[in-house]
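The sequence and the model are shown below.

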Amino acid sequence: MPNILQRINHRLTIKIEKFLGLDFTSVIATEKLGLDKTLVSKGSPSGNIFLKKLLQDLAISDKDRILDIGCAKGSAMRIMNKFPFERVDGLELSGKLAEIAKSNFEKLHVENTSIHHINATEFKGYNDYNFYYLYNPFPAVVMERVMQEINRQNTLNEVKYIIYNNPVCAEVVLKSEFKKIKTYPDMWRNGIHLFSNK
């Protein structure tokens with residue numbers, strides 16, 4: 001549960017974004033988006049100092065590409081764009097959230113970012129990225145299918161990393177070809193796990 005300062009900061013951030021014509025922070029209930037809450041977790045912002053500190057710890061270069069799986073309005077992608085990634089892209093099941101994310105990055109004139117409006121289990125471009133970010137976007141049944149796709153598409157056996165914030169389905173990642181390297185702190189004390197397939 002957020003403390004009083006976090007709640008005040010959250011409300012203030014929403015007001016500032018609204019003034020600037022942006023919307024990274026407000027949250028829309030899963031049901032209002034027409035999504036099945038048994039298959040999709042509520043999209044909420046995770047772009048914060050904790051994600052920034054984790055990314056600072058990695059040797060990110062302009063050859064690295066990251067995909068935010070379940071990007072919602074693009075809050076985490078906004079932080080990722082402060083690093084020298086060649087690409088910072090997102091996957092989003094909700095058409096409404098995907099359009100808000102696209103609008104946010106257009107208004108900020110960000111050019112190395114695309115939002116793919118598609119089911120994560122059907123995406124065929126996982127091998128275009130070497131980093132994946134998730135903020136607990138779905139339950140284990142969906143996570144298993146996504147991990148199968150990531151592993152299946154890695155035909156060249158390249159080194160891949162998963163940054164998993166609020167890692168509710170961490171055991172699914174560990175059952176695949178990935179191992180946990182480190183756990184970083186996060187705002188809610190659930191941890192952000194860093195995994196690699198090497």
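What percentage of the 198 residues of the protein chain count as buried? In this predicted model, 47% of the residues of the protein chain are classed as buried.

**Overall architecture**

The protein chain contains six helices and seven strands. Followed along the sequence, these elements occur in the pattern α-α-β-α-β-α-β-β-α-β-α-β-β. The radius of gyration of the protein chain is 16 Å, close to the 16 Å given by the globule rule for 198 residues, so the chain is as compact as a globular protein of that length. Along the principal axes, the C-alpha atoms fill a box of roughly 45 × 35 × 30 Å.

Contacts in the protein chain also span the sequence: among those between residues at least 6 apart, 68% join residues at least 24 apart.

**Surface and charge**

The accessible surface of the protein chain amounts to about 10500 Å², and carbon and sulfur atoms account for 54% of this area. The protein chain carries 28 positive and 22 negative charges, whose mean positions lie 7 Å apart.

**Aromatic pairs**

With ring centres required to lie within 6.5 Å, the count comes to five aromatic pairs. Two of these pairs are set out in the table.

| Pair | Centre to centre | Angle between planes | Arrangement |
|---|---|---|---|
| Phe 24 and Phe 105 | 5.6 Å | 70° | edge-to-face |
| Phe 85 and Phe 131 | 5.8 Å | 80° | edge-to-face |

The angle of 70° between the ring planes of Phe 24 and Phe 105 is the reason that this pair is edge-to-face, given that planes over 60 degrees apart are assigned to that class. Phe 24 lies in the loop between helix 1 (4-20) and helix 2 (49-56), whereas Phe 105 belongs to helix 4 (residues 95-107); the pair therefore ties together parts that are 81 residues apart in sequence. Both Phe 24 and Phe 105 are buried.

Where do Phe 85 and Phe 131 lie? Phe 85 is located in the loop between helix 3 (75-80) and strand 2 (87-92), and Phe 131 in strand 4 (residues 131-135), so their pair ties together parts that are 46 residues apart in sequence. Phe 85 and Phe 131 are likewise buried.

Conventions: Residues numbered from 1 in each chain as written. Predicted model: local features only at pLDDT ≥ 70, side-chain atom pairs only at ≥ 80, totals over all residues. Heavy atoms only, no water. Helix = DSSP H or I, 4+ residues; strand = E, 2+ residues; numbered from the N terminus. Rg over C-alpha atoms; globule rule 2.2 N^0.38 Å. Buried < 20%, exposed > 50% of the residue type's maximum accessible area, 1.4 Å probe, protein only. Contact = heavy atoms within 4.5 Å. Areas by Shrake-Rupley, 256 points an atom, 1.4 Å probe, with all protein chains shown as cover. Lys, Arg positive; Asp, Glu negative; His and termini not counted. Charge placed at Lys NZ, Arg CZ, Asp CG, Glu CD. Phe/Tyr/Trp six-rings, centres within 6.5 Å; stacked < 30°, edge-to-face > 60°.
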